[in-house]
Amino acid sequence: FAAQRHVLTYMEDAVSQLLENRGDISQYGIARFFTEYFNSVRQGTHILFREFSFVQATPHNRASFLRTFWRCFRTVGKNGGKYSSICCYLLTAQEYHCLLQLLCPDFPMELTQKAARIVLMDDAMDCLMSFSDFLFAFQIQFYYSEFLESVAAIYQDLLAGKNPNTVIVPTSSSGQHRQRQPPNDCNPLEGVEASLFYQCLESLCDRSKYSCPPSALVKEMLSNVQRMTFYGFLMALAKDQGINRALGALPDKGDLFLDPAMDQEIEKLVAQVSGLSVSGPASSSADTANMPARNSPRINSPWKPLHHRRKMDAESEGSNEETDSSEN
């Protein structure tokens, strides 16, 4: 159970942060630190602003990052934009990458480009994509990254007439994403035999130690066609709602822009901010002067994990230096 849930990974990370911040932790105790840390792991907020090596370290981390990205930026697809006539913003791969870096500063551009190629089916990286198209393609590319690397190798071997059983499942560190040569899918009539392709993928899933899509869903997907191209397969994975539900990070496409819990929190914040301002028609200066003084209520923010606090402290110190220099 401990290995399946990657308990050791989280214990090592917790101890590492404990040692890095032992001075601050002494103020409220080690027990509270571990309680807050594992609560954040359970809630999926532990990946915020962390390094990429940690974000992709476990399936739970990857699913948490996907869910956080969706919740933070779903309004990109919900609101109207200057590029779109269907009430949603269309962004380039570079712009989506900037959004990813807001959550993970060292997120690799290569993964963003691979996700974009699933949508665009070519190397036109400056083309615009809707949020929903990019999100579901990114989910497949990010969560099943190692699996897709092996699928690309199997596909190339099948095209070349080689024995796909010689394909080696990636065993290097999952943080090292190798450059994948895009298979030639220019002609939609080309591709590989779907039944043979599935047999190879089934064998891959059986021996792979990395996350793979459910074999039954992959079989159902490939049983409906005679031949399949590589990017056609990736697009089918991205559009399959059964695979999306099995992964469990994102809602169905029809509910993509609905998040009642988040909307409720936003409404609470708006209500609190509205309470700080004096509403009503503009009053004369005399009436304003006669108004009794009122202390604005304080909005207490919840305690934040230490790696968040450390980042905020560093930013505040930088802003103070800029203020001091401007005053001089």
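These exercises cover the cysteines and aromatic rings of a predicted model.

Local features need pLDDT of at least 70, side-chain atom pairs count only at pLDDT 80 or more, and totals for chains, interfaces and linings use all residues. Residues are numbered from 1 along each chain as its sequence is written, and side-chain values use heavy atoms, with hydrogens and water left out.

**Exercise 1.** Find how many disulfides the structure holds.

*Solution.* Start with the cut-off: a disulfide is a pair of cysteine sulfur atoms within 2.5 Å. Next, take Cys-212. Its closest cysteine sulfur is in Cys-205, 4.0 Å away, so that gap is too far for a bond. The total is zero disulfides.

**Exercise 2.** Describe the ring pair of Tyr-155 and Phe-230.

*Solution.* Rings of Phe, Tyr and Trp (its six-membered ring) pair if their centres lie within 6.5 Å; planes under 30 degrees apart are stacked, over 60 edge-to-face, the rest tilted. The structure holds 21 aromatic pairs. In this one, the centres are 5.8 Å apart and the planes make 50°, which is tilted. Now place the residues. Tyr-155 lies in helix α10 (residues 145-159) and Phe-230 in helix α13 (residues 230-239), so the pair ties together parts 75 residues apart in sequence. Helices here are DSSP runs (H or I, at least four residues), numbered from the N terminus. Both Tyr-155 and Phe-230 are buried (under 20% relative accessible area, 1.4 Å probe, protein chains only).

**Exercise 3.** Find the ring under the charged end of Arg-62.

*Solution.* For Arg, CZ must be within 6 Å of the ring centre and within 35 degrees of the ring normal. Arg-62 sits over Phe-142, 5.9 Å from the ring centre. Phe-142 also belongs to a cluster linked by ring pairs, with members including Phe-138 and Tyr-96.

Methods
Helix = DSSP H or I, 4+ residues; strand = E, 2+ residues; numbered from the N terminus. Buried < 20%, exposed > 50% of the residue type's maximum accessible area, 1.4 Å probe, protein only.
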